[in-house]
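Let's take a walk through this fold together, one piece at a time. Have the sequence and the 3D view open as you read.

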Amino acid sequence: MPATAQKSAQKSTIKILYSESDQPTLSAQAAEMTKAGHHVTTALDRHGVQEALSRDAFDLVILGATLSRDDRHHLPYMVKKAHGGTKVLVMHAGTHHHEVDAAIDSSMSMHLILERIAALLQPVAVS
């Protein structure tokens, strides 16, 4: 493992739950997030998210673009109810939901998505 990747993996303590309805998309995107040093748990569809939330807490839940519109609408409520401090990122353009902490266009490159994840999880400065 290159020193930069090893250093990145060592400093990351971010636990991500990532969900899609399409297994190939889920696997490919999760692999990229893992390469960036994040601890990623995957969940296929709504039921997979619900099961994962009942077993563990996460810093961030990412709802992928292949989930149904209904799932992308209802799952943020379920996430916040299960674990109030968990951030929710939805990968779909035009998502406006009060329980969603950030939304990104699903056509963005994985590099930009990873940057958005990092920005979303930065500690908020207290003034």
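Strands here are DSSP runs of E with at least two residues, helices are runs of H or I with at least four, and both are numbered from the N terminus. Before going further, bear in mind that this is a predicted model, where local features need pLDDT of at least 70, side-chain atom pairs count only at pLDDT 80 or more, and totals for chains, interfaces and linings use all residues. Residues are numbered from 1 along each chain as its sequence is written, and side-chain values use heavy atoms, with hydrogens and water left out.

Back to the strands. β1 and β2 run parallel and are joined by six bridges; two strands count as paired if DSSP finds at least two bridges between them. β1 also pairs with β3, again in the parallel sense, over four bridges, and there Tyr18 has Ile62 in β3 as its bridge partner. Five of the six residues of β1 (residues 15–20) are buried, so the strand is largely enclosed by the rest of the structure. Buried means under 20% relative accessible area, exposed over 50%, and partly exposed in between, using a 1.4 Å probe and protein chains only.

Now for α4, residues 69–82. Among its buried residues are Asp71, Leu75 and Val79, and the buried residues of this helix pack against α3 (45–55), β3 (60–63) and β4 (87–91).

Further along, Leu121 lies in the segment after α5 (110–120). At 22% relative accessibility, Leu121 counts as partly exposed. Setting aside neighbours within four places in sequence, Leu121 is in contact (heavy atoms within 4.5 Å) with Ile14, Asp59, Leu60 and Lys87. Leu121 and Asp59 are 62 residues apart along the chain, yet their C-alpha atoms are separated by 8.0 Å.

How far can you trust all this? The protein's mean pLDDT, the predictor's confidence in each residue from 0 to 100, is 83, and 81% of its residues reach 70 or more. Confidence is highest in β2 (residues 39–44), at a mean of 97, and lowest in helix α1 (residues 3–11), at 44. Over residues 1–10 the pLDDT is below 50, and beyond near neighbours in sequence this stretch has four contacts in the model. Where pLDDT is low, the predicted coordinates should not be read in detail.
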